[in-house]
Amino acid sequence: MRAFVQVDLAAIAENIAAIAKRTDSTILAVVKADAYGHGLVPVAITAVESGASWLGTALLEEAITLREAGIEVPVIAWLTPPGEDFERALKLNIDLSVSSISLFKEILEVGKHLGIKPRLHFEVDTGMRRGGVLDEWSEFLAFAQAEKANYSLIGFWSHFARADEPLRSFNQVQEDEFSSKLAELTATGLTPEIIHLSNSAATLSRPSAHHSMVRLGIAMYGLSPDVDQMGGAEKFNLRPAMTIRAKIHLIKAAKAGDAVGYGGTETLKRDTKLGVIVMGYSDGLPRTANNSAGVFFDGRLAPLVGRISMDQCVVDLGADSRAEAGDYVTVMGGDGYSIDEWAKAAGTINYEIVTRIAARVPRIY
Ligand SMILES: *Cc1c(COP(=O)(O)O)cnc(C)c1O
C-alpha cells in the first residue's frame, strides 16, 4: 500500500467513554462526511458499541448506507433538500429534519402515500442563520399542529454558531432563544421526545445546553473543536484516532543550490538526501501547507521541500538518513506532525484536514 489512513477505533471508543463521563444526556455520534474521513460504517458500529445510542448524518445517502450496513439504532439525516428520496428514507426508518413548511409538506405527502408516519425533528434557527426555521415560525407552528396526526414529533433542535468560543455571550443568547421557541412549541400541545442543541464544543463547555441529547462530532475523533479557544484534545482526555502513513517512492542525493519541484520555489541550502513521498494534494494533503509541514521518519522531522504535487511530495530526509525507498513515513498523527499542526500550517481547521483526505487513500482499522 503506497499510503493509508490508520484509524484507531479503540481511541474512538475511549473518546466516547470520556465524553459520557461529562454528561447524563444521550449521545448521538455524528458520522457525516464519511465519519469525518475516518470511515462511515466502521466508526458508526464502534460508536454504537461504545455508548452512542443515536447516529447523525448530514446527507440522506449517508444515513441509507448505515441502514444498508444493518445498523438499526435511530439515525437522523438533517440536511435534505427538496426532491430527495424520502420514500426510501421513510421505508428505512430514517429520521428527518424539517426547517421549512414546504419541506415538511413534501415529506408528509410521501408519508401519506406510503402509510408511514415520518419521524421528524424540527430545527429552529436560534442565531446561526444557516439551517432552521426563522421567519416562518408562527405559520410553521400552526401547520405542525394542524398536521399532528400525520407524523411523529421526535426531536426539537438547533445549532450553535460560536460554541467553540465558550466565553461568548452569544451562546447564552442562542440558548435563551432555544428555550423560548421550545416553550412556544409545547404551548401548542406538541411535545418532542428529544431536545438537542449541543455540538462537541458545547458538550465540553456548556452543561446548561446538553438537554436530552448531545451531538458529538469532532471530539469523538479525538480532536479539539478549537485548540486556541478551548485548548488541545488532551485537556479533555481525548486521543486522536487518525494516523496517515505513506511510502517513500525514491531517494536521491541532491546538492546545495538545487531548486526543487514545480516553480523551483525552494532551493536547497545544503547537500542532502531527498525523499519522494507517494502522497499529494489529490490525496488531500493541503497544498497551502507547503513550507511549514513535513513528515517523520525514525522519529525525525523531514520537512517538505518545494510545492506539494498532485500525487507526490518531496521531503528533506537529511544527508545522514538511513531511510530507503519503500520505507513508510508518518505524514500526520501518531509520531508525526499532528492534525492540528497540519491545520495550522495550511491555515485551516482540523475538521477540514481530516475530512479532505481522499477516498483513494485506503482506511485501515
Ligand atoms: C457537524 C455537526 C455537529 C457536530 O459538530 P462538532 O463540532 O464536530 O461536534 C453537530 N450538529 C450538527 C447539526 C452538525 O452539522
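These points concern the fold, surface and nonpolar cores of a predicted model.

1. Overall make-up. The protein has 365 residues, and 53% of them count as buried. Its secondary structure consists of twelve helices and 18 strands. The C-alpha trace spans about 80 × 45 × 35 Å along the principal axes.

2. Contacts along the chain. Taking contacts between residues at least 6 apart in sequence, 67% join residues at least 24 apart.

3. Largest nonpolar core. This core holds 115 residues, of which V31, L55, F104, F122 and M220 touch the most other members. Helix α6, residues 101-114, gives the most to the core, contributing six residues. Both domain 1 (9-227) and domain 2 (242-364) supply at least three residues each to this core. As a general point, nonpolar side chains tend to be buried together in soluble globular proteins.

4. Surroundings of L55. Leaving aside residues up to four places away in sequence, L55 touches L28, A29, V31, A44, A47, V48, L66, I71, V73, P74, V75 and I76. One of these contacts, V31, is also listed with L55 among the core residues that touch the most other members.

5. Second core. A separate core of seven residues is also present; its members include L268, V276, V305 and V314.

Definitions and conventions. Residues numbered from 1 in each chain as written. Predicted model: local features only at pLDDT ≥ 70, side-chain atom pairs only at ≥ 80, totals over all residues. Heavy atoms only, no water. Helix = DSSP H or I, 4+ residues; strand = E, 2+ residues; numbered from the N terminus. Buried < 20%, exposed > 50% of the residue type's maximum accessible area, 1.4 Å probe, protein only. Contact = heavy atoms within 4.5 Å. Core = buried A, V, L, I, M, F, W, Y, C linked by side-chain atoms within 4.5 Å. Domains from an automatic or database assignment.
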